[in-house]
Amino acid sequence: MDFGYFTLSDNHYENNHREPNQFVADILDEAVYAEEVGLHSAWIGEHHFSTLGVLSCPDLVLANVAARTKHIRLAPAVTVLPLHHPIRVAEQWATLDLLSGGRVDFAAGRGYDRREYLPLEVSFDDNQSLFEEGMELVRRLWSSNGPISHHGKYYQFDHVAITPKPIQRPIPSYVASFSKPSIELAAKLGCGLIVAPFAAAMSFGGLEQVAQLYKESCARHGNAPGRLMCSYFIHFADTKAQEDAARTRQIRYYRECVIAALPGDPGTAPPSYRYFIGMVERLKNVRPEDLTENSVLLGSSEHITATLKKVEAAGFGEVILYFNVGLKPHAQVRDEMARFMAEVAPAFN
């Protein structure tokens, strides 16, 4: 099982003195450091208008990482595809694949925060169908050897070919999923799947159930299952005081960053987001003791290793690790990245 660095650039905290520009610089340093300590990949999220995160252009940050590294895989976590024209997305990530020597993994989703859609004048209520049409188009543009035409519900064009072409044919592609329709789309398109364990537990019962549903969906569409990935928050803690601080940090992230970003209002959540309503209620009432292995890796190296062995047994090929969460100091993040690769990763070689 492989391991990667992951961030959503969470910075929307009360009484927060960390400047967004400094945080982006920290993330860049951490992504480059990820290769130094031996992590397999760097996954950088996309957020707009500082609604939750402060990093709006993961492609540009990863281009800088590409220029300063040789081996690490580079990926968005994730491209909020309905906010962009699929032709432009195909061009951007094909270009990064070329510049990096074929190191791009591409992941896309429809996001969850209406506040990111409004200024860009994109319909939040229609984003499921926007995402499905856009994801299919991006992959067609990468794979086609000549110009293509398309006349769909949202996008229409004739005789378009992108340049440059990606080195990888195809670029490994993933759908980020909180729901059954997204799992179904990944299976239909022959894409890999990325899930968050806390969402998998709330929506399906756990990672094993998600893996089984995905495999069944792939079989129904006549496609071989792609790679399964999941993301995890991670905090090392060797004492009761460290554990208490980590739990407090994680709950602060949920309450100050996440809840406002999720469509949890029954009066405004579109039908395709109704499952978020229960999720938000649970997050509003979360207690320190509620933070289990279904949501966070927290504790000693031995404890974290034991949890990840269960993830491996469920059939997941990679875990991307959210080290810098909840205003964790940059120096501590680097220390925990190095500790993970020294004390946990060798158990999975």
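Me: In this predicted model, at roughly what angle do the axes of helix α2 and α3 cross?
Reply: Helix α2 covers residues 58–67, and its axis comes within 10 Å of that of α3. In the contact, Pro 58, Asp 59, Leu 62, Ala 63 and Ala 66 of α2 meet Gln 92, Trp 93 and Leu 96 of α3. The axes of α2 and α3 cross at roughly 10 degrees.

Me: Is α2 roughly parallel or roughly antiparallel to α3?
Reply: The axes of α2 and α3 cross at roughly 10 degrees. Angles under 35 degrees count as roughly parallel. The crossing therefore makes α2, relative to α3, roughly parallel.

Me: How does α3 stand to α5, oblique or roughly parallel?
Reply: The axes of α3 and α5 are 9 Å apart, and the helices pack at an angle of about 45 degrees. Because of that angle, the term for α3 relative to α5 is oblique.

Me: Is the crossing of α3 past α5 right-handed or left-handed?
Reply: On the α3 side, the residues that meet α5 are Pro 86, Ile 87, Val 89, Ala 90, Trp 93 and Ala 94. Their partners in α5 are Gly 134, Leu 137, Val 138, Leu 141 and Trp 142. The crossing of α3 past α5 is right-handed.

Me: Is Ala 94 buried or exposed?
Reply: Ala 94 sits in helix α3, which covers residues 86–99. Leaving out residues up to four places away in sequence, Ala 94 touches Trp 142, Ile 162, Pro 164, Lys 165, Pro 166 and Ile 171. Its relative accessibility is 0%, so Ala 94 counts as buried.

Me: How far apart in space are Ala 94 and His 71, C-alpha to C-alpha?
Reply: In sequence, Ala 94 and His 71 are 23 residues apart. From C-alpha to C-alpha, the distance between Ala 94 and His 71 is 17 Å.

Me: Which residue is joined to Pro 164 by a cis peptide bond?
Reply: The cis bond has an omega of about -5 degrees. The residue joined to Pro 164 by this bond is Thr 163.

Me: What is omega for the cis peptide bond that joins Arg 169 and Pro 170?
Reply: Pro 170 is found in the loop between β7 and β8. The cis bond joins Pro 170 to Arg 169. Its omega is about 10 degrees.

Me: Which residue in β7 stands opposite His 151?
Reply: Strand β6 (residues 148–151) pairs with strand β7 (residues 156–160) in the antiparallel sense, over 3 bridges. The two strands form a hairpin with 4 residues between them. Opposite His 151 stands Gln 156.

Me: Is His 159 buried or exposed?
Reply: His 159 lies in strand β7. Although His 159 is a residue other than glycine, its phi is positive, near 55 degrees. With a relative accessible area of 63%, His 159 is exposed.

Me: What is the relative accessible area of Asn 15?
Reply: Asn 15 is found in the loop between β1 (2–7) and α1 (20–37). Asn 15 is not a glycine, yet has a positive phi of about 55 degrees. Asn 15 is exposed, and its relative accessible area is 71%.

Me: How many disulfides does the structure hold?
Reply: Cys 57 is partly exposed, with a relative accessible area of 34%, and its sulfur is 19 Å from the closest cysteine sulfur, in Cys 257, so it is too far for a bond. Cys 230 is buried at 0%, and its sulfur is 17 Å from the closest cysteine sulfur, in Cys 218, again too far for a bond. The number of disulfides in the structure is 0.

Note on methods. Residues numbered from 1 in each chain as written. Predicted model: local features only at pLDDT ≥ 70, side-chain atom pairs only at ≥ 80, totals over all residues. Heavy atoms only, no water. Disulfide = S-S within 2.5 Å. Buried < 20%, exposed > 50% of the residue type's maximum accessible area, 1.4 Å probe, protein only. Pairing = 2+ DSSP bridges. Contact = heavy atoms within 4.5 Å. Axes fitted to C-alpha atoms, helices over the stretch in contact; angles between N-to-C directions. Parallel < 35°, antiparallel > 145°, perpendicular 65-115°, else oblique. Left-handed = near helix turned anticlockwise from the far one by under 90°.
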